Amino acid sequence: MQPDQLNADQFSGYPPQARQVAVHRLELFRQLPLAFLPLLLRELIAYDWKFPAERSDLDNQLAYLSARSSEQLADAMAPFTKLRLSAELVEVNWVSEPAQFSERLTAHLWATHQIDAFRTAAIDYVHKVNAAAPSMPLPLPRLTIAVIGAGVERNSYPLFRRLRPQGVYFNGIDPQNGWHVLLETIVARAAMHPVPFGHWYIDGGAVATPASPGLACVSYDALQGVRNALVNKMRSVMQPGGGGPEVLRTMLAQMRPEDVGLTGAGEAAVLSRFQVSILTEGSGTQLFSTTFVQWSAREALRRAQPVTLLARFTPRQREQSMKDLLAGIEQAPVPDPAGSLIDADMGAYYTWLNQQRLSGAQQSSFLAWFENHNEALAISPALPRGKTDESALDMRQLLRRLT
Amino acid sequence: MGTLRQVAQRVALSRREFLRAATGAGAGAALFGLAPLRGADLPYGRKTVVVTFGGGARDEETFMPDGQENIPTLLKRLIPQATVFTQVVNRGILGHYVATASLATGVYETFNNFAAVAPENPTVFEYFRRDLKRPASDAWVVAPSNGFNRIGESGHRAYGPSFGAGVILPKRLLGTALSATGEAQYEHLLRDNYETPLYTPQLSGSEIELHQMAELLKLSVEAFTAHARSLASPDELSVYIARQLMRQLAPSLLWVTLHDIDIAHSGTYSLYIDAIQRTDRLCGELWSAIQTHPEYAGKTTLFILPDFGRDSDTDPGGNGFQHHRTGDPLSRTTWMIVMGPGVRENVVVDRAVESTDLVPTIGSMLGFSPRLAQGRPLSEVL
């Protein structure tokens, strides 16, 4: 089916709010090319469980497209219209299954050497939409904190190499009470500036603070049951005769929170969906806590666009060498603090990069701290770049330097 | 970011400057150096070993300043003896099996990366064996991943099974060996592909079985499993098997696909770095094996090249080193080291070449005609 054949009934399977938006934008959808519309619908079909910032982005995008004249729209869509699609793609039920269409479209674009053209078109389109989006003031400048290195006593790995050119490297931090101060800080920000899903705390172990109003909490430990259930499902599909990777991808794309034991309504349902997506879309998130924290922080920043984020990396399990595996003894997971510190150092860098993609990046602050040690890296408009500061500071004093 | 061409050129220039500083290599030698040594006619003792620095390694962790510490063997030992192509562009699908198959056919293959299918176009092994009338024992592939079991021969009607290479999947053999002895714990070892970590495909290719390995390599199952117990990774097992092949069969065309680096898909940077360092070391071990084995010493050309890179840190569509999904220019731009008799030493070639040029280059060296390959022979090493 081509988009110009769309009608409202075809969206009857969409959740209520998504359906309402789809029917409202039906005329627009009929004018969009097949290489574009299902990708938009892949976002829209999850509208009811999206974070406020995501909804706003999607609304802006639809408003941008709707505001174009027919000629302008055709011009904006021309790079997508030019892509050659197969007859099989046209036959896919892309209204009801836009994610599956997206998978097949991706494979088709790679196989027909059109992925680069698509990539160029997509980047250009996103730039135009972002440039046209209204600038919304933030309630306060963003602050992201990455805490790395739990469980490491001595370290010789040069930390923050990628971040040092962006800010100040502090090596005289008094670690006493530092973690507690950081927790206090994010809880206070959440209380003073209540924004739905505007303040996040992600932990690679267990959550270290009581439930706090306005603070979205995600932790690796709390999802242990979900992770186990998911790995078991994946394993059964991937065994010979189980369906293979294609079936696995479909299964993961269709997985709902209740399938892995997560329940909840309202905001809890939105957070449950987010957590399921972390475990089903993120590679390695089911097995390694460092990957879980990095990917969760990335997705929280990309999707929820929080003004506050605290991400704490904890030791992941050690990867067994072949020698160990062949020892034939079932061993309990052994933590690897030293390797995890290196993972987390890179994770902190990626977290900063992802914060920089958001609005207000020039006013944002970032802090990475080697937990229980005296090393930290701070980036802020109030601080110079590429400097080292050996001052003796406690965590409160360090935080004050950011503002 | 710029176009693929622009970025590829920038990457190549960066690599050239670094190599010049680190090893003293110069581009000028490519133009004005002495002609390569070669016999009037290549005696048919000439051999080729291809090693894919596999699993996708980025410049940041290899040739850029912070990455140099991870590849000491390449930089200090191999590159000073090699011609290095700094701009090898892969315009194909960036999945490991399909990309490695493309390297082996000289054509950008387009099949499903996760399917156990043969390449559509003839492989280098088939050209080699058919044109030069070489026996099956003269072309071998060693690959760690079960997904590579069909890489030895294509589905092309004019070539195919009669001309393919033998394929050894050491991990698979080890799994079989342990299964036969009732030992557990091998399921994880058989993890085939870090993109789909639980995928173990059904096999239906030309890979050899356990008893064949024992017979061909004069290696008992007990000795094989005992040695495996002393190794840290599947790639170490692959290199061990490759060395056994060199000792027992001395194939003229040997292809070793390394894959440990693909652990990056798990998102663990430290394990990714460990794997790069291990791969660097294993490349050195293979070169040492070539230099010390009388069947190979002085008559073997070694090619080392990644199948492709990984996503850049700054591409918003990716997650940095973890994947190779965006198709961004950095993930498509790699390098190649060529060394051996007749290949100029300590030379850097900046011009853009393609990963599909490998097979035509080997064809020109060994004297077969890869008729359907899309690439062109690399004159700088011929």
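The model is predicted, so to speak of a local feature requires pLDDT of at least 70 and a side-chain atom pair counts only at pLDDT 80 or more, while totals for chains, interfaces and linings use all residues. Residues are numbered from 1 along each chain as its sequence is written, and chains are lettered from A and ligands numbered from 1 in the order in which they are written.

Helices (H or I, at least four residues) and strands (E, at least two) are DSSP runs, numbered from the N terminus. A residue is buried with 20 or more other C-beta atoms within 10 Å of its own, exposed with 12 or fewer, and partly exposed in between, the C-beta atoms being placed from the backbone. A contact is a pair of residues whose C-beta atoms, likewise placed from the backbone, lie within 7 Å.

| Chain B | Value |
|---|---|
| Secondary structure | twelve helices and nine strands |
| Buried residues | 58% of 382 residues |
| Contacts with a separation of 6 or more that join residues 24 or more positions apart | 73% |

B:His293 sits in the loop that runs from α10 (269-292) to β6 (300-305) of chain B. B:His293 is partly exposed because it has 15 C-beta neighbours inside 10 Å. Beyond four places in sequence, its contacts are B:Met246 and B:Arg247.

A nonpolar core is a set of buried Ala, Val, Leu, Ile, Met, Phe, Trp, Tyr and Cys residues joined through C-beta atoms within 7 Å. The largest one has 200 residues, and those with the most contacts inside it include A:Ala368 and B:Tyr272. Its largest share, eleven residues, comes from α10(B).

How values were computed
Two residues are in contact if their C-beta atoms, placed from the backbone, lie within 7 Å.
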